[in-house]
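Dear colleague,

Please find below the structure that I am handing over to you. My notes on what was found in it follow directly after.

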Amino acid sequence: MTLATATKRSARGVPGRRPTDHGAWFLVLPALIPILVLSVGPLLYGIALAFTDSQSGRTQPTQWVGALNFQDLLHDTLFWDSFRIGLLWAFGVTVPQFFLALGLALLLYQPLRMRWLARALAIIPWAMPEVVVGIMWRLVYHPDAGVLNETLSHLGLGEGKDWLTGTATALFAVIVVGVWAGMPQTTVALLAGLQNTPRELHEAAAMDGAGAWRRFTTVTWPAIKPIALAITALNFIWNFNSFALVYVLTQGGPGGRTRLPMLFAYEEAFRYGQFGYAAAMGCVMVAVISVILACYLVGRLKGGDES
């Protein structure tokens, strides 16, 4: 066998065999198995449960009812009211959360004194559990001894209000808490994008006579736009699926004014024992929010391509 022939056979490889790397699967399995067991499995089980009449405490076996639960949902005005409240909550938290986080990220990006301390303090709300945040803000909103009412009284801005149990103020009050609790995460993501922006671009724009706003629109925003789009979409999903924070603050009250869809499904499943009906609610929420987010992302991406 000549050297040229051996080289050609080595390049072609062994006929009939495809190059595979079985070792890669063993590296992926430790991360893949928990996802399948803890995420994909319960999701498929919940979808299947939505087509049954599963209830707690019943002695008869669970029956397959098809789309009956979904038909009942179409006429359930309480569920659609909670869905509307959930959308108001999600938009009401996500939009101000993004703009406030953007302003804070731009501030923390500047070469200020003790900037490391300011960055550490900015992420404290993010590091606190939602239950702790809810209890803390219940004390702030307390009608008799709350910090907010005491401050308003000392400033002469009126008598104290019952913020969390008033029908006109409850939703606004919990939205404020949601913005405060979630803003640090958005700030960290945007600050990371700002730090990856080359300073030479800002210096070149400044030498060309561009002001602060012009530098932001031509240099800063194009650099952080992909991160802003991603974190906004994630925040919308997380806010729409919120449960613990609102549950601790109001438990869905007063009169259902803050009953988010997750709270409504929780009550149907664990207070009234309607597991199949609650699972159908979960399927509807996942489907509708996926469609809304898909339209939102496609519109933003098309807008970015045209610009």
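This is a predicted model: local features need pLDDT of at least 70, side-chain atom pairs count only at pLDDT 80 or more; totals for chains, interfaces and linings use all residues.

I begin with a residue in a loop.

Backbone features

Gln 251 belongs to the loop that links α12 and α13. Its phi is positive, near 55°, although the residue is something other than glycine. The loop between α12 (244–249) and α13 (261–271) also holds Pro 254. The peptide bond that leads from Gly 253 into Pro 254 is cis, and its omega is near -5°.

A further positive phi, of about 55°, occurs at Met 114, which is not a glycine either. Met 114 is placed in the loop between α4 (77–109) and α5 (115–122). With a relative accessibility of 47%, Met 114 counts as partly exposed.

The salt bridge

How many salt bridges does a search of the whole structure find? The search returns one. It joins the side chains of Arg 259 and Glu 267, with a distance of 3.6 Å from N to O. This pair meets the criterion because the nitrogen must lie within 4 Å of the carboxyl oxygen.

Are the two partners buried or exposed? Glu 267 has a relative accessibility of 11% and therefore counts as buried, the limit for that class being under 20%. Arg 259, by contrast, has a relative accessible area of 22% and is partly exposed.

The contact of α10 with α11

Helix α10 spans residues 199–207 and helix α11 spans residues 212–240. Their axes come within 10 Å of each other and cross at roughly 150°. Since angles over 145 degrees are classed as roughly antiparallel, the two helices are therefore roughly antiparallel to each other. The crossing of α10 past α11 is right-handed.

Which residues meet where α10 and α11 are in contact? From α10 they are Leu 201, His 202, Ala 205 and Ala 206, and from α11 they are Arg 215, Val 219 and Thr 220.

With kind regards

Conventions
Residues are numbered from 1 along each chain as its sequence is written. Side-chain values use heavy atoms; hydrogens and water are left out. Axes are lines fitted to C-alpha atoms, for helices over the stretch in contact, and angles run from 0 to 180 degrees between N-to-C directions. Helices (H or I, at least four residues) and strands (E, at least two) are DSSP runs, numbered from the N terminus. Angles under 35 degrees count as roughly parallel, over 145 as roughly antiparallel, 65 to 115 as roughly perpendicular and the rest as oblique. A crossing is left-handed if the near helix is turned anticlockwise from the far one by less than a right angle, and right-handed if clockwise. Contact means heavy atoms within 4.5 Å. Buried means under 20% relative accessible area, exposed over 50%, partly exposed in between (1.4 Å probe, protein chains only).
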